[in-house]
Amino acid sequence: MPDTSTGSTGSTARPSRRTVLAATAGVTTSLAVGGSAHAATPGDRRLRALVSGMTLEEKVGQLFVMRVYGHSATAPDQADIDANLSEIGVRTAAELIARYRVGGIIYFTWTHNTRDPHQIADLSNGIQRASLEQPRGLPLLIATDQEHGIVCRVGRPATLFPGAMAVGAGGSRSDARALGRISGAELRAIGINQDYSPDADVNVNPANPVIGVRSFGADPDAVAGLVAAEVKGYQSSRVAATAKHFPGHGDTAVDSHYGFPVITHSRELWERLDAVPFRAAIRAGIDSIMTAHIQFPALDDSGDPATLSHPILTGILREELGYDGVVVTDSLGMEGVRTKYGDDRVPVLALKAGVDQLLNPPTLDVAWNAVLKAVQDGELTEARLDESILRILRLKAKLGILDQPYVSPSGVDRVVGTPAHLAAADRVADRTTTLLVNEGAVLPLSRRTHNRILVVGADPASPSGTTGPPTTVLAGALTELGFKATALPTGTAPSAATITKAVTAAQDADAVVVATYNVTAASSQKTLVERLVGTGRPVVALAVRNPYDVAQLPTVPGCLASYSWTDVELRAAARVVAGRVNPRGKLPVPVQRADDPTQVLYPIGHGLSYQTYDTDRA
């Protein structure tokens with residue numbers, strides 16, 4: 001049956017769904033949620049019957065969560081068909097499901113899965129329909145990375161919230177729970193039922209290239225509280241939350257996408273730091289936990305990545321922490337898990353370590369056949385596969401997708417990007433902007449005395465492809481607030497000519513706002529700020545990613561941190577600049593001195609406010 005991006009969603013006849021309903025009647029309500037004693041429940045017996053009725057090939061497929069190109073399950077664009085043929089050997093998502101009987105699909109922006117809410121809902125329905133039309137077909141877990149902030153796959157008109165470190169700056173567990181609840185409801189409405197969020201890493205390394213502002217902060221107890229709150233929010237909307245990246249990716253200077261990080265924490269430090277948010281997530285009833293492709297010698301001295309470590313995943317996560325939910329790998333295409341072993345060994349070793357879901361292998365045919373052969377050769381037992389498949393089916397049953405895998409157009413319209421949701425995101429954002437420096441009370445700017453504002457700086461790409469560019473958004477927001485703002489993008493590495501152009505433009509402005517992005521000692525962004533300060537005009541820097549920029553900008557009289565550059569955070573920062581909102585964010589990480597990183601310039605909890613500000617000036 002054709003699946004189009006504009007056709008009726010969920011109204012096609014689904015004869016195969018009756019089989020699922022008959023086999024799983026009452027499963028959802030009879031499952032024991034959050035515990036490990038499943039065997040006695042009627043629902044669990046029915047799930048075990050489903051497992052026993054599968055062929056070995058179907059069991060292998062259930063373990064895989066795979067990418068696939070295209071906006072439609074059956075009629076993608078030709079370029080996406082070509083990409084699927086090249087990387088997977090199939091033309092469409094429907095063919096992928098028919099050939100490999102995968103248990104899950106992951107959506108990405110770059111695979112063209114997430115154009116708009118109605119298209120995503122149609123794609124999700126098409127995927128579920130394709131699976132249910134197979135013999136003994138089961139609904140799929142459809143996943144994505146909707147962390148908000150700098151990692152976001154579903155963009156506008158869906159509601160976009162501030163990212164984790166911004167929420168950490170706000171410090172409100174209520175806000176974290178609201179984020180999860182609203183985001184979860186919108187994901188569920190478009191057919192996404194598993195979110196690879198929240199990030200439970202404690203970011204204690206300012207040079208961390210892969211986590212950074214994706215983390216709630218550097219205080220393990222604060223991170224734990226926000227992780228647990230967001231988990232409860234997502235799961236109240238019947239979307240599986242996923243705490244990542246176990247056993248903790250917060251202290252590394254290597255990106256595991258491109259290298260193999262080593263964490264040198266002692267076991268005692270791990271207990272006090274990295275483990276705390278994961279313990280909180282487990283207490284909160286987390287549905288799934290994602291592994292890290294990191295080496296952690298204090299937990300396992302074999303040299304294996306945590307994803308392939310039986311001592312870490314079974315010995316610690318399962319046995320010591322008592323977690324009996326789904327364990328999913330981080331992407332198996334990342335270098336951190338491919339450094340030591342070949343692509344045919346990685347999925348087998350991951351299953352032997354204790355993993356349940358194998359995410360996005362670089363070559364599915366190699367990985368799928370490797371697992372099949374491992375069972376046929378006796379390296380893996382079929383009982384070991386059954387153990388993971390049962391966990392996956394329990395999750396599908398808990399989420400209700402065995403009973404109702406489809407979504408409706410009316411649900412999309414009723415839930416996604418509603419005015420109430422968008423207003424909630426703005427309220428959360430208004431509690432996150434952090435005022436780090438305010439010499440001479442340069443902030444807030446008054447539209448009466450500083451009406452002409454020049455906005456310069458970096459324009460990093462939109463995480464979801466639907467927001468920005470940042471300088472334009474900032475200028476537009478300030479203009480709406482009564483200023484006459486002009487945008488002049490200068491990039492992350494402005495040339496001497498670009499800096500001169502900005503300095504010249506500043507002569508006609510009453511004040512300058514500079515959007516900075518990961519400023520280093522050698523960065524020409526630093527030169528840009530220094531030259532602008534030299535004009536005598538009031539200059540305000542807005543760190544749109546890492547708050548550590550402030551340490552490299554000692555001459556700037558005003559400095560704010562937004563922790564990301566998506567529209568919701570930038571609009572909130574503009575309201576602070578204009579004095580419409582009092583800055584309330586507090587640093588969730590310490591900022592070290594640039595000249596002596598052993599010394600703290602601004603501690604956790606630092607954040608200024610407008611103590612006695614006459615709102616008439618704004």
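Where is the place of Gly 354? In this predicted model, Gly 354 falls in the loop between α15 (346-353) and β10. Its relative accessible area is 7%. Gly 354 is therefore buried, the cut-off being under 20%. Residues up to four places away in sequence aside, Gly 354 touches Thr 314, Arg 318, Val 327 and Arg 384. Pro 311 lies 43 residues from Gly 354 along the chain. The C-alpha atoms of Gly 354 and Pro 311 are separated by 9.3 Å.

Strand β10 belongs to an open sheet of five strands. The order is β6-β3-β2-β1-β10, and the pairing is parallel. The edge strands are β6 (194-195) and β10 (358-359), each of which pairs on one side only. Helix α7 (residues 117-132) packs on this sheet and touches β2 (104-107) and β3. The direction of α7 makes about 160 degrees with that of β2. Strand β3 (residues 141-144) is joined to β6 by two bridges, and the two strands run parallel. Within this pair, Ala 143 stands opposite Gln 194 of β6.

Ser 183 sits in helix α9 (residues 173-189). Its relative accessibility is 4%, so Ser 183 counts as buried. The side chain of Ser 183 makes a polar contact with the side chain of His 148, at 2.9 Å. His 148 is also among the residues that Ser 183 touches, together with Gln 146, Phe 161 and Tyr 234; residues up to four places away in sequence are not counted.

A second open sheet has six strands. Their order is β11-β16-β15-β14-β12-β13, and the pairing is mixed. Strands β11 (434-438) and β13 stand at the edges. Each has a single partner strand, so one side of each is left without a neighbour in the sheet. Neighbouring strands are turned by 20 degrees against each other on average, direction ignored.

Two of the pairings in this sheet are described here. Strand β12 (residues 452-457) pairs with β13 (residues 484-489) in the parallel sense, over six bridges. Val 455 stands opposite Ala 487 in β13. From β12 the chain crosses through helix α20 (residues 470-480) to β13. This β-α-β crossover is right-handed. Strands β15 and β16 (residues 558-561) also run parallel, joined by four bridges. Here Ala 543 has Ala 561 of β16 as its bridge partner.

Which residues are buried in helix α22 (residues 524-533)? They are Gln 525, Lys 526, Leu 528, Val 529 and Leu 532. Seen down the axis of α22, these buried residues fall within an arc of 160 degrees, so they line one face of the helix. They pack against β12, α21 (496-506), β14 (511-516) and β15 (539-543). The N-terminal end of α22 is capped by Ser 523. A side-chain oxygen of Ser 523 lies 3.0 Å from the backbone nitrogen of Gln 525.

Notes: Residues numbered from 1 in each chain as written. Predicted model: local features only at pLDDT ≥ 70, side-chain atom pairs only at ≥ 80, totals over all residues. Heavy atoms only, no water. Pairing = 2+ DSSP bridges. Right-handed = clockwise from strand over helix to strand, strands pointing away. Buried < 20%, exposed > 50% of the residue type's maximum accessible area, 1.4 Å probe, protein only. Polar contact = N/O pair within 3.5 Å; in protein donor to acceptor, adjacent residues only side chain to side chain. Contact = heavy atoms within 4.5 Å. Arc of directions from axis to C-beta. Axes fitted to C-alpha atoms, helices over the stretch in contact; angles between N-to-C directions.
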